[in-house]
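Subject: Structure handover

Hello,

Here is the structure I promised. My notes follow below it.

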Amino acid sequence: MYEGNNPILDYEQVEEKLKQIVSSSDLITQHPDLATTKFGLPIHYYTIGHGNKEIVITGGTHGSEIVTVDFVLKLMEELTKKEGKFKDVNLDEYTFHIIPLLNPEGYLISTSAARKLIPRNMPAKEAEEICRQYYLAYRQDDRDTIERRKQGIEPDRTSIKRYQEMFKDIDYTCIPEQYKELRERVKEIYERYPDLPKGSIINWSANGDGIDIQSNSVHNKNIIEKVQANEHAFGTLRHENIDQAHPGPIGCPYIPEEGFKSTIETQVITNLLESLHQKGTLVGYENFHSSGGLVYQRPCRNGNGVEISEDMYWERIVNNIFEAISYASKTYKNAADKEHSQYRVLKGGGVPSSTNDVFRMKYPADLLIELSGMGGNPIGPYGDLEGNYNNIINSNIEAYASFLKNYSIINIVSEAAQNLFIRIMNEHNETADESLKEEYIQKVYEIAEVLMEEVFEYIDEEKKQELIELMNSGFFSEEISERYKKH
């Protein structure tokens, strides 16, 4: 049971927490900040380990997804403990590149709004109830939108939503005065775009300029074309009253008057990933988001100006599905029923539009992990501290520890499977028709899921070497061939 003050951290508390983590361990290195944002906030950068298998970890891409920062801070603490779940991780083998807060401006805005209803010293149970009411309002807003759609009623673009109603009296003045330029910019955005609903500041995912880091991609053609045509680009569900075609809390890819530009935040993560990839040492990118309790892993199809080779596409398909299954196998939304509450692995794929869509095409083992089984950014995930928040932190620490422990063997398995899947695909000319390719990908997923169950049996019984010997003997390829024929 939670005692004392609530666990929600505002921007200054995150800064203090990071100082504590760095000072408490000699295993973590704080590097010069990767950049300073437009409105003067540092993008901090840390590494743990010094091996040539390099993994990038980010939290806080969306300012309102504050639980992601909680998790990355906890992960940093656990990785630097001499004992615990990560004690067997070889830091001569791995280097973890960690950006705990990629979008500090958005985080500061969102948590400043939250602080107006939930001050630092508010008891945890009292805060939990406010967060629960927010989550329920958020969920009902979604249900209302879906019901209107079913009845053929036009979306309600003018009324404020239930979750916004809770924060309707909170505006840019929630931002502390020491962040004067940021405060003035948010004020300017709301004055310039009066269609932005009252209370929407609580869900501020964008940076201080009102630009969404994930949407800030030249390949986001759907919204970019609407912006260029002076059309609306309203959000979905509880965001249906927020126009993404201009700066605001969510979704906007760029400032229309300035033309498309990559934000500082977008440049920072792009440059880091690309530099490690060019070195040939990047083995994974885990970027943590907030709502859904699921894992995005699949590369998109070529399109929107992004093209990769057929072989690379299949390499990403197979590698990512094995990695995602490995990670998701140890997650849970319900500690009392771990087996039946694991995170879902998403299997669909469209054409790339967001920054991370592009990253999943270009870089290996790119997993976007939605941490919370409860929606309602930013405070909804805190609406059930024991049943949801604890499970977010604990299950994903367990999942990440298991993921690292089994990383090498899972990579060997995926490489063995990859070559055979590509050969089978070529033999059957599945690439000739997109619908057939999609059908084939689903078969790959089905087989991968079954095979991973067997792989886990070997791992759980400490028979990794036996598994490797079976693969080297060709048995594994025969198994895949047989399963393909059955499917």
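In what order do the 8 strands of the open sheet run? The order is β1-β2-β4-β3-β5-β8-β6-β7, and the pairing is mixed. The edge strands, β1 (28-36) and β7 (344-345), each pair on one side only.

Before the details, the basis. This is a predicted model: local features need pLDDT of at least 70, side-chain atom pairs count only at pLDDT 80 or more, and totals for chains, interfaces and linings use all residues. Numbering starts from 1 along each chain as its sequence is written, and side-chain values use heavy atoms, with hydrogens and water left out.

Strands (E, at least two residues) and helices (H or I, at least four) are DSSP runs, numbered from the N terminus. Two strands pair if DSSP finds at least two bridges between them.

**The sheet**

Start with β1 and β2. They run antiparallel and are joined by 6 bridges. Ile 28 stands opposite Ile 48 in β2. Thr 36 faces Pro 42 of β2. Their hairpin has 5 residues between the strands, and Gly 40 there takes a positive phi near 90 degrees.

Strand β2 (residues 42-49) is mostly covered, with 8 of its 8 residues buried. Buried means under 20% relative accessible area, exposed over 50%, and partly exposed in between (1.4 Å probe, protein chains only).

β2 also pairs with β4 (residues 94-99), antiparallel, over 4 bridges. Ile 48 has Phe 96 as its bridge partner in β4.

β3 (residues 53-58) and β5 (residues 282-291) run parallel, joined by 5 bridges. Glu 54 stands opposite Leu 282 in β5.

**The surface**

Glu 453, Glu 457, Asp 460 and Glu 462 gather in a patch of negative charge. Patch residues have over 30% relative accessible area and no salt bridge, with like charges joined within 9 Å. A salt bridge is a side-chain nitrogen of Lys or Arg within 4 Å of a carboxyl oxygen of Asp or Glu.

Asp 460 belongs to helix α13 (residues 434-460). Why does Asp 460 count as exposed? Because its relative accessibility is 55%.

Best wishes

Key
Patch = residues over 30% accessible without salt bridge, like charges linked within 9 Å, V, L, I, M, F, W, Y side chains within 5 Å. Areas by Shrake-Rupley, 256 points an atom, 1.4 Å probe, with all protein chains shown as cover. Lys, Arg positive; Asp, Glu negative; His and termini not counted. Charge placed at Lys NZ, Arg CZ, Asp CG, Glu CD.
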